[in-house]
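Colleague: I would like to learn how to read a model of this kind, one feature at a time. Could we go through it together?

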Amino acid sequence: MAEDGDDGPEPFVVELERFHGPLDLLLHLIRSQDIDIFDIPIARITEQFQAALSAGLDRLELDRAGEFLEMASTLVRIKAQLLIPRNESPDWEEDPRADLVRRLLEYEHFQEVAQVLMSAEADRSRHFAKGYVPRIPDTAPPVEDLELTLDELMEAARGVPEPAEEAVHRAPTRRVRVSEKISLARRLLEESERVPFERLYEPWKDRYHGVAGLLGCLEMARRQAVRVRQAEAFAQVWLYRGERFWETEEEAGEEEAGALDGARLAHDLAASEEGSEG
Amino acid sequence: MRPEQVVEATLFASEGSLTPTDIARADEDLTPSRVEEAVQTLRGLYEDQERSFQIYQLGDGYQILTRPEYAPYLERFDSVPKAPGLSSAAVETLAIVAYRQPISRVEVEEIRGVSSSSVLNTLRDWELIEVVGRGEGLGRPLLYGTTERFLDHFGFQSLDDLPTPEDLPVTLREEESETGEEEESEPAGAAGTGGDEARG
């Protein structure tokens, strides 16, 4: 049995939150230093363990902190027991570290099982059952596809969130262009067959984005680059690839001149809104 | 109508897995064992024809699923939300329940060294584990075990598919008998080393 405590503790920077608990942290310390689990240098490990605790304990919830502290006290107790010379305690049946080693081995065993389970889970997730490929949204399936009128689409635009009331600062919003929304919609639709209309504005939570998204959507529908569907009034609006979705921007762009003057409309709307506020 | 065709039709029309007994209800002439035979025949057939799907056994049921090599194509239909993978804490807990079932919360916590009631509740909510009884002793604690859904989630046919110590990349196996890392099912470490059997 090697003496421990010879080497000074290396500075160990670990994020406590990253570990599932004290056993996880201990195993990490042991593994990362290639320590023989059957001959743990308790003094060194205890110091490292305590160093990790003092660095991160205050960021943990009380319960979790308690779990780490309990282990720290166990380590200190073992360290003390090891200091008692062996021949002075005749009933020293086993190494004071034995129980800890058992727990670590058991825990390590389950961590390894967990690894195997995770890869089994990943394998399983590559098998698909009937019903995986897009179903109609969870609401009752529509009897037939509904082509959408402008009014219905405008209704959906009512779902665009209002700017938060609390917002005191009004940084000038970057003018968002309809063409940006069109390319966003194209990009989304290249990745998946259909896209909920909200995806066009949701991340921004901003009315301008909503309006630009709506106009872009209308423009694309006009070019037959998308189809817009909704199962019933107020239901989710979905964009699907249209018949001419895969035509290049250039081909579609030739019609730009005759296109809906989206930017202008957006501007007008912005103006009217500002007017109503002022 | 050959039994293979009836079995195939039944499996095809089902969204979930079906046990041989379920399938046998489709026809008076079918028995569970004939269903099993038919499934084997169909499997061979799909294999020969290089179909994109196969009949897989999940728990004690069968289900037609696509083969993994088609996943990249199907994953593009990402508008259907995919079940998120389990967190590593959840899988760790699940591993303990799977091997040591029936097991109480306190026993799980002894092994993990951390409180585990919320992760156990989550696993219960997801129906990956269930209460299978009550233990002896103070307060008659709830005992947990894994469910059919657990098998399905990991693509296992039965708990026998859980990795055995031989499957695990451990270097400490030869030492195990000495230190008494005990496990219930594996006869690998021959009894009699005396040592320390105590746990917990």
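Modeller: Let us begin with pairing: two strands pair if DSSP finds at least two bridges between them, while strands (E, at least two residues) and helices (H or I, at least four) are DSSP runs, numbered from the N terminus. This is a predicted model, in which local features need pLDDT of at least 70, side-chain atom pairs count only at pLDDT 80 or more, and totals for chains, interfaces and linings use all residues. Residues are numbered from 1 along each chain as its sequence is written, chains are lettered from A and ligands numbered from 1 in the order in which they are written, and side-chain values use heavy atoms, with hydrogens and water left out.

Colleague: Which residue is the bridge partner of B:Ile103 in β5(B)?

Modeller: The partner of B:Ile103 is B:Tyr144, and B:Ser104 stands opposite B:Leu143. These belong to the antiparallel pairing of strand β3 (residues 103–104) of chain B with β5(B), which has two bridges. Strand β4 (residues 129–134) of chain B also pairs with β5(B) in the antiparallel sense, over five bridges, with B:Ile129 bridged to B:Thr146.

Colleague: In what order do the three strands of the open sheet in chain B lie?

Modeller: The order is β3-β5-β4, with antiparallel pairing, and the edge strands, β3 and β4 of chain B, each pair on one side only.

Colleague: Why is strand β5 of chain B described as largely enclosed?

Modeller: Buried means under 20% relative accessible area, exposed over 50%, and partly exposed in between, with a 1.4 Å probe and protein chains only. In strand β5 (residues 142–146) of chain B, four of the five residues are buried, so the strand is largely enclosed by the rest of the structure. Across chain B, buried residues make up 38% of the 200 residues.

Colleague: How should I read two packed helices?

Modeller: Two packed helices are described by the angle between their axes and the distance between those axes. Axes are lines fitted to C-alpha atoms, for helices over the stretch in contact, and angles run from 0 to 180 degrees between N-to-C directions; contact means heavy atoms within 4.5 Å. In chain A, the axes of helix α1 (residues 22–32) and helix α4 (residues 98–124) come within 10 Å and cross at roughly 90°. That makes α1(A) roughly perpendicular to α4(A), a term for angles of 65 to 115 degrees. Among the residues making this contact are A:Leu27 and A:Ile30 of α1(A), and A:Leu104 and A:Tyr107 of α4(A).

Technical notes:
Parallel < 35°, antiparallel > 145°, perpendicular 65-115°, else oblique.
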